[in-house]
Amino acid sequence: MAAGLAIAGEGGQYNGKMTWFVVLSCMMASMGGVIFGYDIGISGGVTSMEPFLKKFFPVVYTRMKDDTKISNYCKFDSQLLTSFTSSLYVAGLVASFFASSITRYFGRKPSILAGGAAFLSGSALNGAATNLYMLIFGRVLLGVGVGFANQAVPLYLSEMAPPRYRGAINNGFQLCIAIGVLSANFINFATEKIEGGWGWRISLVMAAIPATFLTIGSLFLPETPNSLIQRFNDEQKAKTMLQRIRGTTDVEAEFNDLIKASLVSKSIEHPIKKIMQNKYRPQLVMAIAIPFFQQVTGINVIAFYAPVLLRTIGLSESVSLIMSALIAGVVGTASTLLSMLVVDKLGRRVMLICGGVQMFVSQIMIGSVMAAQLGDHGSINKGYAHFVLTMISIYVSGFAWSWGPLGWLVPSEIFPLEIRSVGQSIVVAVNFVFTFVVAQTFLGMLCHFKSGIFFFFGGWVAVMTAFVYLLLPETKKVPIEVMERVWREHWFWKRIVEEFDDKSNMEPA
């Protein structure tokens with residue numbers, strides 16, 4: 001029997017342990033988060049490197065070096081430059097819908113394998129790029145990889161984890177994103193110093209390292225019991241796997257719930273039509289709202305363009321790279337670790353609300369200082385620059401322990417099995433759509449809004465905090481196969497769900 005931490009059945013909990021088999025499997029699957037985070041971190045750093053700009057985006061390079069009349073806020077405003085960053089998310093959007101079918105009919109494991117292989121190919125192509133077309137095509141392949149990984153990995157983690165520790169396990173995905181960002185930023189700092197101007201190639205091609213781990217590791221991953229039951233009629237195989245990952249033979253309660261969920265799932269021929277029913281209206285709203293809100297926190301503004309933003313306030317290229325590494329990497333990783341420790345104690349709602357308040361205050365402070373101190377030309381003095389850096393760190397911390405990990409955790413745990421794959425695809429698709437929109441428009445918005453960009457995102461943070469307070473029920477420690485009860489007990493959603501039940505009961509058998 002696998003060693004682990006015992007969890008007794010209490011309050012709807014199932015029997016089982018946190019086994020090393022689960023921990024190791026989830027650690028390997030979470031490499032899908034590392035490739036996503038590495039790309040986020042590497043993109044912002046590379047697009048601020050002068051040799052990279054000179055080779056692929058000479059107009060931006062010339063404007064940055066020679067145009068003394070252009071506003072500080074407009075130096076990097078280029079549709080081609082933003083296309084380099086955001087092309088990944090268009091590809092990821094399309095890939096996520098294909099990943100939904102593969103995940104549903106072939107399992108979570110093949111989707112993770114496909115994601116790793118596509119990302120590996122894209123990283124090789126980007127590192128060898130000699131023109132903009134190779135660069136963009138490599139980004140497209142990276143997007144396919146991220147699309148498959150982001151669709152399958154959160155589902156895999158939620159299904160493998162014991163309910164009591166599902167929050168901590170699933171937050172491991174965000175932790176791996178943070179580790180990827182941290183690694184990328186320090187690699188950017190090292191490669192920027194390489195003489196000869198080819199350091200950016202190392203930054204891009206080293207994405208192949210986590211992609212290789214994910215691709216090879218996925219070959220050895222076990223399939224989840226949920227997926228085995230959904231795809232096969234061999235219930236004994238699924239039960240054996242469930243016993244193995246829980247570290248006990250007493251899994252009848254959880255297994256019976258899986259069987260019931262599977263019977264419902266197999267009766268659904270058109271899951272997209274199904275999720276549109278009022279019965280699933282709460283899940284559909286959350287599948288759209290949560291990833292949308294996660295993107296309009298403005299975090300990708302910091303993650304993608306932190307070096308650019310820091311250069312905007314007057315820091316040098318090398319200083320901006322190391323400061324972005326420390327802020328996005330060290331602060332983000334430490335805060336995500338904190339989230340893993342407290343998510344199953346404090347709950348999702350408390351963390352999202354408190355994190356929202358922290359982000360709102362810090363963004364308003366950043367916007368106020370930049371509005372008062374940073375004009376179209378010149379830079380701000382050291383004292384104010386340090387204050388802005390501190391506020392950015394507080395902002396990143398607020399995101400990393402709240403909306404960062406919980407933006408993936410909550411959607412992955414609220415869907416019943418019959419709509420789980422299509423529901424997660426909607427989450428990933430919405431995430432990619434608005435990541436693309438933010439990435440594609442940010443440099444233009446920075447040019448036109450100037451410091452007002454922080455007030456813009458701060459307003460959205462206020463809206464999403466109110467949304468969570470009013471409409472998101474608490475889901476901590478609730479088994480995912482009986483998650484529907486939280487909607488039936490919620491002051492607002494119960495009316496919609498009960499109305500559907502009443503109509504269903506009135507229909508003739």
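Helices are DSSP runs of H or I with at least four residues, numbered from the N terminus. By that rule, Asn126 sits in helix α6, residues 108–127. This is a predicted model, in which local features need pLDDT of at least 70, side-chain atom pairs count only at pLDDT 80 or more, and totals for chains, interfaces and linings use all residues. Residues are numbered from 1 along each chain as its sequence is written, and side-chain values use heavy atoms, with hydrogens and water left out.

- Asn126 is buried, at 1% relative accessible area. Buried means under 20%, exposed over 50%, and partly exposed in between, with a 1.4 Å probe and protein chains only.
- The C-alpha atoms of Asn126 and Gly138 are 5.1 Å apart, although twelve residues separate them along the chain.
- Beyond four places in sequence, Asn126 is in contact (heavy atoms within 4.5 Å) with Met134, Leu135, Gly138, Arg139, Leu142, Trp200 and Leu204.
- Arg139 belongs to helix α7, residues 132–160. Arg139 is also buried, with 1% relative accessibility.
- Setting aside residues up to four places away, Arg139 touches Asn126, and its other partners are Asp39, Ser43, Phe84, Thr85, Ser87 and Leu88.

**Packing of α15 and α20**

- Two packed helices are described by the angle between their axes and the distance between the axes.
- For α15 (residues 281–295) and α20 (residues 403–414), the axes come within 10 Å and cross at roughly 165 degrees. That makes α15 roughly antiparallel to α20; the term applies to angles over 145 degrees.
- Axes are lines fitted to C-alpha atoms, for helices over the stretch in contact, and angles run from 0 to 180 degrees between N-to-C directions.
- From α15, the contact involves Gln283, Met286, Ile290, Phe293 and Gln294. They meet Trp403, Gly404, Gly407, Trp408, Val410, Pro411 and Ile414 in α20.

**Helix α18**

- Helix α18 spans residues 348–373, 26 residues in total. From first C-alpha to last it reaches 37 Å, close to the 38 Å expected at 1.5 Å a residue. The expected span is 1.5 Å times one less than the number of residues.
- Buried residues of α18 include Arg348, Met351, Leu352, Gly355, Gly356 and Met359. Further along, Ser362, Gln363, Ile366, Gly367, Val369 and Met370 are buried as well.
- An α-helix has 3.6 residues a turn, so residues three or four places apart point the same way.

**Lys477**

- Lys477 lies in the loop between α22 (452–471) and α23 (485–488).
- Phi of Lys477 is near 65 degrees, a positive value in a residue other than glycine.
- Lys477 is partly exposed, at 31% relative accessibility.

Key. Helices (H or I, at least four residues) and strands (E, at least two) are DSSP runs, numbered from the N terminus. Angles under 35 degrees count as roughly parallel, over 145 as roughly antiparallel, 65 to 115 as roughly perpendicular and the rest as oblique.
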